Amino acid sequence: MPAPPELVALQSFLAGAFRREQPIADDPEVAATARVHVAGNDRLTPVQQADIYREQFWSRHFDALAEDYPGLAALVGARAFDDFVTAYLTACPPRHPSLRDLGDRIVAFAESWQGFAPVTMGGDPPSPPAHRAAAIEMVRYENALVDVFDGPEPPALDAAKLASVPEDAWDRARVVLAPLVVRMRLAYPVHTFRIAARAAADAGDPPPPAPAPRSVCLALYRRDLVVTYEELDPVAFALLEALAEGDPLPRACERAGAGLDDDATAELGAKVGVWFQRWAALRWIVDVALD
Amino acid sequence: MPDLGVGVGLRIPHYPAILGSADDAPPPGPLGVDWFEIISENFMVAGGLQLHNLERAMARARLVQHGVSLSIGGTEPLDREYLRGLKALLQRTGSPWVSDHLCWGSAGGVHLHDLLPLPHTERVVKHVAERARAVQDFLGVRLALENVSSYLTYTASEMTEWEFLSAVAEEADVGILLDVNNIYVSAYNHRFDPNTYVDGVPHQRVVQMHLAGHTNHGTHILDTHSDHVIDPVWDLYRRALRRTGPVSTLIEWDDDIPPFPELVAEAAKARAIRDEVCGARAA
């Protein structure tokens, strides 16, 4: 049975009214329609009653994003964060049942958002473009934290299967990485800034200075239910990237070692063994597939 | 539906008191509550700490699922992916029933994440009842719909809220989660007699009750779950119990969350009132 059309129309109107950034009373047309549908009483007018829900829409979603993106708030400052969240929720209204997914389009939105202004938080303020780049990286990082926190538990690596891979099969074997190992190249150490910012907030101190540029190859992952990270050697990171793209080990090593001098290339073989042992221990490697 | 006694909402700040500090920690002492209610959406995830803690909580007490995003009064098709997630969680928790709110929360593909009141009309009764029946059939357990706190009423309404709630429950053959605090809040906001509401619902359909604190702004009350249950709400609870008999009861506290012992004390108060009204019994 189709929904009553008058109910469809009512909900469509209210869903728009409740998402308005400005009070309903500020728009005469919306206010007039609210008065048609909402009864009001001797304490609150129909428009005031409807505005309670509008205020709740913004406070609820602002709080949810502030909880998931505290690093961004600390980095750009309260006013810029408020502007960003308002613009994001306006452009990308929530479309999932759970608030956990509120940031489903936030990375793409941040990349297009021009509103991150520099702030002075001790030391010299960064230049606007640099500040914007750090803010976008923070959004990417904090968005990844949400996914790694409650993503599916990776299966354990089957040691017997690993041992049974014939020596001559490694040329075509593909190493399968755990989906929850998120690899990020950062131009700013936003991961350490976020930790410092949270510690400052817990202590009631002002946020730390904005981070200076530093190139970081980061792997974000979950271990024993706790989300953590590891800064990687750039060559190890390149190897991990190549493996993630499906390259067999020799090809991945070749790509990772491209541009290295002879000495570094000679050391690579030994390093790869150490890296593999560590990655297996961290459960980043979950399988070996033979096509 | 089984009477589970008196429970509280399972909330993260209370995990140390409920679960202990680590997996290998000695079991904490007696809980002081009979069961936990979980917000379903918080646990409809693929893995990680939340599900791990859910399993640990299940080892301590019975869990009941309570949702906030079903939008049973919405006009878009029921969200099958959401319902599959809800059902998968049911298989994990063994919740004896599942509840959500008699409201709408999404329209035009947008989730407002709010519990928005519906106009009380015959046509809306039929619309909601049809959807509620479909959800209950799909989930395979009793669905209970909760009366919401509301801050507005509609000019289109043709009946009282309790008549609307009763009609939906009867037409859909679903249960009622009677939120006694919500009755008080809405009665204040819309100037009706809360006693008439309590007397007016089909008591045999009440499978659970909610109790909570709220915030009075003078012009209206907001259902904030941020304080102790006030005496007039306890009185309404007594009145409801006289009609329903002993029913699973839950204390909700979601903002300004107190230490766990303070919440347990609130639950003990509810238990004492149950015993006073219904006679002492083991939950």
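Reader: By class, how many nonpolar, polar and charged residues does the lining of the second largest cavity have?

Author: This is a predicted model, in which local features need pLDDT of at least 70, side-chain atom pairs count only at pLDDT 80 or more, and totals for chains, interfaces and linings use all residues. Residues are numbered from 1 along each chain as its sequence is written, chains are lettered from A and ligands numbered from 1 in the order written, and side-chain values use heavy atoms, without hydrogens and water. Ala, Val, Leu, Ile, Met, Phe, Trp, Tyr, Cys and Pro count as nonpolar, Asp, Glu, Lys and Arg as charged, and the others, Gly among them, as polar. The lining in question has five nonpolar, no polar and two charged residues.

Reader: Which residues line the second largest cavity?

Author: Rolling a probe the size of a water molecule over the atoms shows where empty space is left. On a 1 Å grid over the protein atoms alone, a cavity is a set of points where a 1.4 Å probe fits but cannot get out, a pocket is an open set with protein on both sides within 12 Å along at least five of seven lines, and lining residues have an atom within 4 Å of a point. Here F18(A), Y53(A), F57(A) and R60(A) line the cavity together with L112(B), D114(B) and L116(B). Its volume is about 30 Å³.

Reader: What lines the largest cavity?

Author: The lining includes W104(B), H111(B), H113(B) and D114(B). Two or more residues come from each of β5 (104-107) and β6 (110-116) of chain B. The lining divides into four nonpolar, six polar and two charged residues, and the space amounts to about 60 Å³.

Reader: Which residues lie nearest the centre of the second largest pocket?

Author: Of its 23 lining residues, those are S98(A), D101(A), M44(B), V45(B) and E81(B). This pocket holds about 490 Å³, and its lining has nine nonpolar, five polar and nine charged residues.

Reader: Which residues touch the most other members of the largest nonpolar core?

Author: A nonpolar core is a set of buried Ala, Val, Leu, Ile, Met, Phe, Trp, Tyr and Cys residues joined through side-chain atoms within 4.5 Å; buried means under 20% relative accessible area (1.4 Å probe, protein chains only). Among the 144 residues of this core, they are L72(A), W104(B) and L178(B). Another core, of 28 residues, lies apart from it and includes C217(A) and W284(A).

Conventions. Grid points are joined across faces, edges and corners, and a volume is the space filled by probe spheres set on the points. Helices (H or I, at least four residues) and strands (E, at least two) are DSSP runs, numbered from the N terminus. Buried means under 20% relative accessible area, exposed over 50%, partly exposed in between (1.4 Å probe, protein chains only).
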